[in-house]
Amino acid sequence: MTLRPGEPVESVHASRSPWLRPNVFTGVVGAAIGFIIGVWIGHRVGTHLDWVSAIDQNDVSVFGGYAFGTIGYLAGLGMLEYPLRRMLGRRPVNVIKGERGIWRYLTANTDHKVIGLQYLWGIGVFFFIAGLNAMLIRTNLLRPSPPVFSPGQYLTIVGLHGSMMVMMVSSIILGPFGHYLVPLMIGARRMAFPRIEALTFWLTPLSGVILMSAISYGGFPTGWTGYPPLALQANAGMDAYIFAFFLVAVAMVLNAINLMVTIITMRAPGLTWNRLPIFVWSMLATSVLMLLGAPVLIAGLLMESLDRTASTSFFIAANGGSPFLFENLFWFFGHPEVYVLALPGFGVVLEILPVFARKPLWGYRVAVSGLLGVALLSFMVWQHHLFVSGINSNLRPFYMLTTELISVPTGFVFLAAMGTLWRARIRYTVPMLFSLAFFFNFLIGGLSGVFLSDVPSDVSLHGSYFVMAHFHYTIMGGLIFAFFAGLYYWLPKMNGLELDERLGKLHFWTMFISFNSTFLPLFALGMMGMPRRVNTYAPHLQFLNDWASVSAFALGGSMLIFLANLVWSLAFARRPAASNPWQSRGLEWQVPTPVPLENFDEVPTILAGPYEYGDAQAPPVARLGGGPIPATAGD
Amino acid sequence: MSLPSSTGGNSDLPLRRVAVIWLVLSVIGVLAVLFGLEPHMPPGADTAQAHEQRIANTAIAAILMPITIGVLVYFVFALTTFRQRGDVVVDGPPIHGDSRLQATWVLGTVAIVLVLAAYGTYALFTTESNAAGSGGGQGPTLISSAPAGSLQVQVVSQQWEFTYRYPQYGGVETTELALPAGRTVVFHVTSLDVIHSFWAYQLGVKVDAVPGTDNVADVTPKKVESFTVRCAELCGVWHGAMSGTGQVMSASDFAAWIAQQQTAAAPVIKALPPYHTIYYPDPVGRAG
Amino acid sequence: MTRRNRIVTLVAGGAVSVALMVWYVLSWVVSFPSTVRAETSNGTASVTFQTVASYGHQPHPDWVSYLTLNAQHQWVHSTVVEVPANSLVTITIENYDGASGLRNPLWSQPRGVVGGTETVDGKPLTVLNPDDASHTFAIPDMGVSIEVPGVADDAPNQCTVTPCDHSMAHRTIVFTIRTGKPGHYRWQCFVPCAAGFPNGFGGPMQTMGWMDGYLNVTA
């Protein structure tokens, strides 16, 4: 049965019960089988290596289990059928796309809208687990001494919180909104590589579970940075961190290629670069960061895993390696990574602001160059993490300059927002409140970064709670607030139900106040000399720590309000949303709710930019479904 | 701050009042930073290096204050003035931008950034006591040479305690850190195992301890005091407990203290390896 | 099954599995070695440890470890000891492990103990050859550090499975410390004795209940 060109492909699974088709449960079974095989093979290999057999920790076997488990999982999900059949010259099975009901969310579906929602719920789970870890951290810090938890356990909680937030939650905007909205916003019916799109999602929960499995191997002590030689001493839980981060990095590269190709090649006719929604621009800029940054991380993690399993010494100074090598590789990825967290947030809030200001995005080109400028500069700043590390100290002025320069393109984003608000007709909806809070938080987060870019200041603040407060203001105050802005804004389109506005506002105000109340004192704690990642601290710091802990519990409580809103609105109230409840010009709002399977009956023709509010002459954003072209479609 | 509107002038808006509010708040803010916050800015003024860090922290806070207040005042003004009440959706004027304002913003932010970077670079390479480097780790060699007669102190970092070696005093190694006041100290920070970071808060010294690396920083303690020493880089399970206090004492007290240490440690000095800037203890191969 | 029931089943299943995961994490997080109370008589407390080359039981049979003698004279796998404040505490360490050598020879001199010396098999020790160190018992915040010399490699009747007893080759170290104000003081070993881990400082050296512990000084 060879494939002829143009021959329609069809699903060979259609007649089977959904339980027997490839789905997440068969994936779990496959993962378990693969894991056992991998552990067995790794054990066979490992017992012939004397450095492994000397201890009861066999890293070769752990890595083997994870690697084969991943293959088994993907096989169980049906991911391997297509490439294998193509390799054997067989007719490929149809990708599951048109399926309705709950099963489409439990399979490797290739509809970008299904994948967007899978991302939303999948990442949401990890966001809450990682948030729970934060609650445990703050519980431990309620008193200076003795620690509540065993020190090793505490470090693992810190590591799980940080790693889970950076690995899984980093794509909390890019995953759900990037995948759901980019094709809709550019007038496409799908992403460029739908199977790769499904793969990137399904790697995410797998890497999350692998990361959590660290605790059954004794946890890992390194936090999210994974610095050797500490990482080389660590229990086998470190292997879980390495492998999970490796999978995330692979997913990042694949996501980046997919998004870039989609945005560059699949825009509808008339969607010029000048009309591209700012959110799509932010996805493009983020893709550049992921494509160039993540491979460097993969290289660093590979070396680290070889140091742990194969007795190499990339990072062992006594044997000719250097711990600096990992620090450089890690932060060459790590600093762009923090902009992978920040740029999608910029995109979301700049997308939402014009809608509720009822004005065009002010300085569109400035905003776009801001996003691209941040992306470019972020590759030139990584050594500001290493100002006191002992790397060539004469390089520091250069990194000081580049780091401070990055505030210029970031300022463009603020300028665009401030200009958009000028003489606007502002409506304080829940998405707008979250967007505005984003600017307040990011202002504090961004400006506190200036202290850390200046070498003399950084000497006093490096490695302290000041740094911690700074990046929580940019990531939690930026990314997470932008995520909630986007969620309240787009969820009515994504699942066709309205979220309760009063609960939404309650959620916003509790979250905004408790967030600031949690993290502002941490700046002071850092200035008073409290280092990061400690489980005991000086007694005179207790009041501020208790204040931060109680506020953090309130912050956790605000998340429960959000959950209550979600359950109430989606399970009980179930008020259907209008197809364009915010009167937005965005192309994604011009399609019906729920969005049809192929998005558009006919590829739309884009007639104008998405932000032409207040211009009576402006044509509608696009011609959908074969209507006549309006006479005003000038440019 | 004047932005154009589609309707011509902005005489309908209280822009002058907003500008005055910004100016007043900025002046108050800057004065509060310079005179209210400055004495509390980390890490103090007990050494030239610490003082310089305090100046940098204060200067940056003072420079950022008008910017922060300006953005916040603008947001408060815009969010209250341009609010649309009721459920009716009305479009605003279709303003797409203003190239003059954009250019001004770009040039302004670039200028501020260049000033900050130039100031930081200047502060890094020159300090009041000619001890460049601001107390941070400077790699194997100091940016500027330390004065003759400096005290060399090696910080030997290990899991999970800092110990200190005084090569000019027979290579004696101690578990406590004592420094004489008024004499430049050159810290040579190295590690025997994983990455640590030697942070002497009141001295304004923070130096990463990297195995196989001699990371140097200099400082001149002026005041007789005890200071906090903490590890500032995650180094394993007891990182949170890796802290202690050091003591700056008078020169005569220091001479007595070091002599006492040499006597007390006499049995163990013979066992110590010869002084070296870095040590490569056997990493204990994987076979144990 | 209707669509609604299927959704309910799946959501409930998902919630249960998330709850199980959270429970698993939490139960691991709160695990902590039990506390052993020191024996007190006539105002002095006494604590007895044994140090073994390999614990011999799950979860880590190959890991080096300390064990503590409790009031019922049973060896428990714990390193958390409760002692009275402002009093003398005599600590006895029975070492059944061979020597592996100090990384920093500074720790070869007893410090912070009453009388400045410890006794090894009844003989006072002022300094130990760093290569003969098997373990140390150090309480950094009290300034206490004492050395535990190893059993000769060719000694007969080496202990392999815990608990070890006096019939097997061992060294006995006795020293006295004076406790100060109440608090939780960490203690650790400074000999890189965790075989198989780079720098000998992984695994048991970084896990509570093996080569690290707390001295809980209570009023």
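Residues are numbered from 1 along each chain as its sequence is written, while chains are lettered from A and ligands numbered from 1 in the order in which they are written.

Confidence comes first. The predictor gives the complex an ipTM of 0.92 and a pTM of 0.93. Chain C has a mean pLDDT of 87, and 99% of its residues reach 70 or more; pLDDT is the predictor's confidence in each residue, from 0 to 100. Where pLDDT is low, the predicted coordinates should not be read in detail.

Now take chain B. It holds 5 helices and 10 strands. These are DSSP runs, numbered from the N terminus: helices are H or I of at least four residues, strands E of at least two. The C-alpha trace spans about 90 × 50 × 30 Å along its principal axes. Chain B has a radius of gyration of 27 Å, whereas a compact globule of 288 residues would have one near 19 Å. That radius is taken over C-alpha atoms, and the globule rule is 2.2 Å times the number of residues to the power 0.38.

How much of chain B is buried? Of its 288 residues, 42% count as buried. Buried means 20 or more other C-beta atoms within 10 Å of the residue's own; exposed means 12 or fewer, partly exposed lies in between, and C-beta atoms are placed from the backbone. Among contacts in chain B between residues at least 6 apart in sequence, 69% join residues at least 24 apart. A contact needs C-beta atoms, placed from the backbone, within 7 Å.

Look next at strand β1(B), residues 151-158. Here 7 of the 8 residues are buried, so the strand is largely enclosed by the rest of the structure. β1(B) pairs with β5(B), residues 185-191, in the parallel sense over 7 bridges. Strands pair if DSSP finds at least two bridges between them. V156(B) has T190(B) in β5(B) as its bridge partner. β1(B) also runs antiparallel to β2(B), residues 161-166, joined by 5 bridges. There Q154(B) is partnered by R165(B). β1(B) and β2(B) form a hairpin, with 2 residues between them.

Turn to the interface. In chain B, 80 residues are in contact with 83 residues of chain A. The elements of chain B that give two or more residues to this side are α2, α3 (99-125), β6 (196-200), β7 (205-209) and β9 (225-231). α2(B) supplies the largest share, 12 residues. By class, this side of chain B has 42 nonpolar, 29 polar and 9 charged residues. Ala, Val, Leu, Ile, Met, Phe, Trp, Tyr, Cys and Pro count as nonpolar; Asp, Glu, Lys and Arg as charged; the others, Gly among them, as polar.

Finally, the backbone. Most residues other than glycine have a negative phi, and most peptide bonds are trans. The bond from P42(B) to P43(B) is cis, with omega near -5 degrees. P43(B) sits in the loop between α1 (15-37) and α2 (48-81) of chain B. The bond from T162(C) to P163(C) is also cis, with omega near -10 degrees. N599(A), not a glycine, has a positive phi of about 70 degrees. N599(A) counts as buried because it has 20 C-beta neighbours inside 10 Å. D121(C), also not a glycine, has a positive phi of about 50 degrees. D121(C) counts as exposed because it has 11 C-beta neighbours inside 10 Å.

Note on methods. Predicted model: local features only at pLDDT ≥ 70, side-chain atom pairs only at ≥ 80, totals over all residues. Contact = placed C-beta atoms within 7 Å.
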